[in-house]
Structure formats: C-alpha cells, structure tokens
2 protein chains.
Amino acid sequence: MIGGVVDEDTARALARMFKALADPARVRLLSLIASAEGGEACICDLTAPVGLSQPTVSHHMRLLVEAGLATREQRGRMAFYRVVPDALAALAGALAPAVPHAEG
Amino acid sequence: MIGGVVDEDTARALARMFKALADPARVRLLSLIASAEGGEACICDLTAPVGLSQPTVSHHMRLLVEAGLATREQRGRMAFYRVVPDALAALAGALAPAVPHAEG
C-alpha cells in the first residue's frame, strides 16, 4: 500500500483478498498448505491439524480459492490444494512497510 | 504464513489485522497515510480523497487503530494518524510467498 496511493480498483481487489484471510482457520489452512511437502495438501491432511470437519474445511478452502489465494485440483475423490504465490506476493508487496518520509 | 505452520494464537492475531484491511476504504486510508508527507495525515486530509464524511473516516480509522495498524494522536481539534510499520511488516512477512518444496 506503500510507495503510492492505492486506487479504488486495486483497493477493492486487495480488500477482497484480505477478507478471505480475516479468519484464523483460513490463515492456518493457508500456512499448512504452503508448508506441505511439495507445496500441496490433500483436504484429508488438513482437517486434523485445524480440528475442523471436512465440510467446514471445504468451505474455508472454497473462500480461499474464490479469492485467488489457493488453487484446487480434484483427483479421484480427493481435493488437493496449493497456494498461489503470486497472489500472496501481491498482498505482501501492498503491505511493505512504509518508508516514512524524512521528518522535521 | 510461510516458512512454518502458524499456531492458533498467531493465526488469530493475523486474522484480526487482516479483517481490519478487509474493506477498500480502509486499504485506501492506510495507503494515503503511509504516502503522506512526514508519514502523517490529518483526518481533514483524508475525507476528500476517499469521498467519505469525517465521521465515516473516523470510524474506519478507529478500526485500523484498534487492530494496531495505525496510531492516532489528537492535537487541538484535529486527529492525526500514522501507520505502524512493524505491524505492516509482520503481516507482509506472514504472507511472504511460499517457496515451494522441490517437486517430483
């Protein structure tokens, strides 16, 4: 957000992604997937660590996928998820801490 | 979120800050403040760029302050705001894009 004022369209897009992260379970799910072997996690591997049912995890993952922060691939009966590094990088870039202007 | 699985307390803290950013007006306000001369903006300078009334801007700013993303200083009749670079850096660090594990 820094290094220039964010225009309305960009602000809307960023806010949409931040909204998807405005839930502790989704933050943890994304971190689990990012840390998973091969950068990919089966939904079957996500339920136990977050202590939520598979339908609830599916719901959270759907929101992350819709926000463009994760991708989903169905293989047989199982869904596999990956994070979208470019989307996370865009968010991180928008938050890069302000370099305060010289003061005084 | 990357470079390790986020524990529950950290996830809750991150989600709280992300929630404060889950609104385009707040994303723009934070970017305006971060880009302001001296890293500080008077509320009187924020209303016009976002096209919102002063009470509405005050409300958004209160949420950003409560989330620890901005600070507020009252001087005379005016409120002045700054971003909290460490908080933004913590969020950005949590989002640092996954370095995918070697695949295949």
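The model is a predicted one. In the contact between the chains, 42 residues come from chain B and 42 residues from chain A, and the area buried between them is about 3,400 Å².

**The interface between chain B and chain A**

- Carbon and sulfur atoms give 74% of the area buried between chain B and chain A.
- Across this interface the rule finds zero salt bridges, while the count of residue pairs in polar contact, with both residues at pLDDT 80 or more, is four.
- On the side of chain B that touches chain A, at least two residues each are supplied by α1 (8–20), α2 (24–35), β3 (78–83) and α5 (85–95) of chain B.
- The largest share of that side of chain B, eight residues, comes from α2(B).
- Sorted by class, the side of chain B that touches chain A holds 27 nonpolar, six polar and nine charged residues.

**The packing of two helices in chain A**

- Helix α2 (residues 24–35) and helix α4 (residues 54–66), both of chain A, pack with their axes 10 Å apart and at an angle of about 80°.
- Because angles of 65 to 115 degrees count as roughly perpendicular, α2(A) and α4(A) are therefore roughly perpendicular to each other.
- From α2(A), the residues A:Ala25, A:Arg26, A:Leu29, A:Leu30 and A:Ile33 meet A:Val57, A:His60, A:Met61, A:Leu63 and A:Leu64 in α4(A).
- The residues of this contact of α2(A) with α4(A) divide into eight nonpolar, one polar and one charged.

Definitions and conventions
Residues numbered from 1 in each chain as written. Chains lettered and ligands numbered in written order. Predicted model: local features only at pLDDT ≥ 70, side-chain atom pairs only at ≥ 80, totals over all residues. Heavy atoms only, no water. Contact = heavy atoms within 4.5 Å. Buried area = accessible area lost by both parts, 1.4 Å probe. Salt bridge = Lys/Arg side-chain N within 4 Å of Asp/Glu carboxyl O. Polar contact = N/O pair within 3.5 Å; in protein donor to acceptor, adjacent residues only side chain to side chain. Helix = DSSP H or I, 4+ residues; strand = E, 2+ residues; numbered from the N terminus. Nonpolar A, V, L, I, M, F, W, Y, C, P; charged D, E, K, R; others polar. Axes fitted to C-alpha atoms, helices over the stretch in contact; angles between N-to-C directions. Parallel < 35°, antiparallel > 145°, perpendicular 65-115°, else oblique.
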